[in-house]
Amino acid sequence: MTTGPHQGTGAAGESMHARPGLGLTAAAIELTAMVNDLALKWLEGRPTPGFRLLGTGVAEIEHNLAVAVEPMTRRSVWSMQPYISFDPGELMRTTDSRSRRRGLDMRAVTAERTLLHNPLSTSEHPGLHIGPALFQTILVDESTAVVAGPGDEHGYPTAWLATRPDVVTRVAALWHETWARSRPALEPGSKPPFTPRQCVVARRLVVGTKDAAIARELGVSRRTVAADIAHLVHQLGASNRAAAVLALRGGTYAGTRRAVDRSTSAPGAVLPSQPDSVDAP
């Protein structure tokens, strides 16, 4: 599959190439307007062929992605997320892991802000790219698009499943152009700053799990868990566990901001790699 610049077709392609500098922004705004219009029609009970509600709220959306979208995917899952927040839950990580084991072409691009507020992003999302991600979507097999819609009346996000060509074509054009303008979040050949086990430890730390319970779950010693937490605290530029939890949740702890700023001072730069673990996961 091609990974190079994509010459968009139709209105989306014309927008991106006719207005240099504003093309991506214009295309994202136009796509958002189209999605919102279709969502309103669907909510009013009017026909919207090839466009329906996938879910409301993060839990329902993730569940439906896992049970209704992932099993039907055959080739590729390309995600564009303006911001990837830190989530201590497991469902989407399990879904992504299943897709990778199946050999699907997994790609993700996010904006620079993610690196500043989600210190685990480059460790939990292999191959993550940083670029001008202006629209939230997942493009499946280049034939189906999961797109973000307007929030509901209670403030919960909505996701919509689109197979209609007018939406999918615009999403594909915006995706290819954004990917072409992106760069790897990690320098090629470098290791992520945290191991998979340290990422699990971080998620458990955030929800208040005790060291002994983490050790039992992972089948390692409490000393290893303590060493992993110490590495997290140090790597995040925090002074203690509480400050590390704040940083993991996207807080603006000054030490963390300086640490992540150093990691993004040059394209592809990374935080220092972790020391060897005490024992295997």
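The exercises below, each with a worked solution, concern a predicted model of one chain.

**Exercise 1.** State how many helices and strands the chain has, and what share of its residues count as buried.

Solution. Counting the elements gives twelve helices and eight strands. Next, take burial, for which the cut-off is under 20% relative accessible area. By that cut-off, 47% of the 281 residues are buried. The accessible surface of the chain is about 13500 Å², and carbon and sulfur atoms account for 56% of that area.

**Exercise 2.** Find the largest nonpolar core and the elements that supply it.

Solution. Start with the core itself, which has 26 residues. Those with the most contacts inside it are Phe51, Phe135, Leu139, Val147 and Leu174. Then assign the elements: at least two core residues come from each of helix H2 (23-43), strands E2 (76-81), E6 (144-149) and E7 (158-162), and helix H7 (165-180). H2 gives the largest share, eight residues.

**Exercise 3.** List contacts of Leu139, leaving aside neighbours within four places in sequence.

Solution. Contact requires heavy atoms within 4.5 Å. On this basis Leu139 touches Ser76, Val77 and Trp78, then Thr144 and Ala145, and also Val168, Val171, Ala172 and Trp175.

**Exercise 4.** Identify the buried residues of helix H3 (residues 58-69) and elements that cover them.

Solution. The buried residues are Ile61, Glu62, Asn64, Leu65, Ala66 and Val69. In an α-helix there are 3.6 residues a turn, so residues three or four places apart point the same way. The cover over the buried residues of H3 includes strand E1 (51-56), helix H4 (91-101), strand E5 (137-140), E6 and E7.

Notes
Residues numbered from 1 in each chain as written. Predicted model: local features only at pLDDT ≥ 70, side-chain atom pairs only at ≥ 80, totals over all residues. Heavy atoms only, no water. Helix = DSSP H or I, 4+ residues; strand = E, 2+ residues; numbered from the N terminus. Buried < 20%, exposed > 50% of the residue type's maximum accessible area, 1.4 Å probe, protein only. Areas by Shrake-Rupley, 256 points an atom, 1.4 Å probe, with all protein chains shown as cover. Core = buried A, V, L, I, M, F, W, Y, C linked by side-chain atoms within 4.5 Å.
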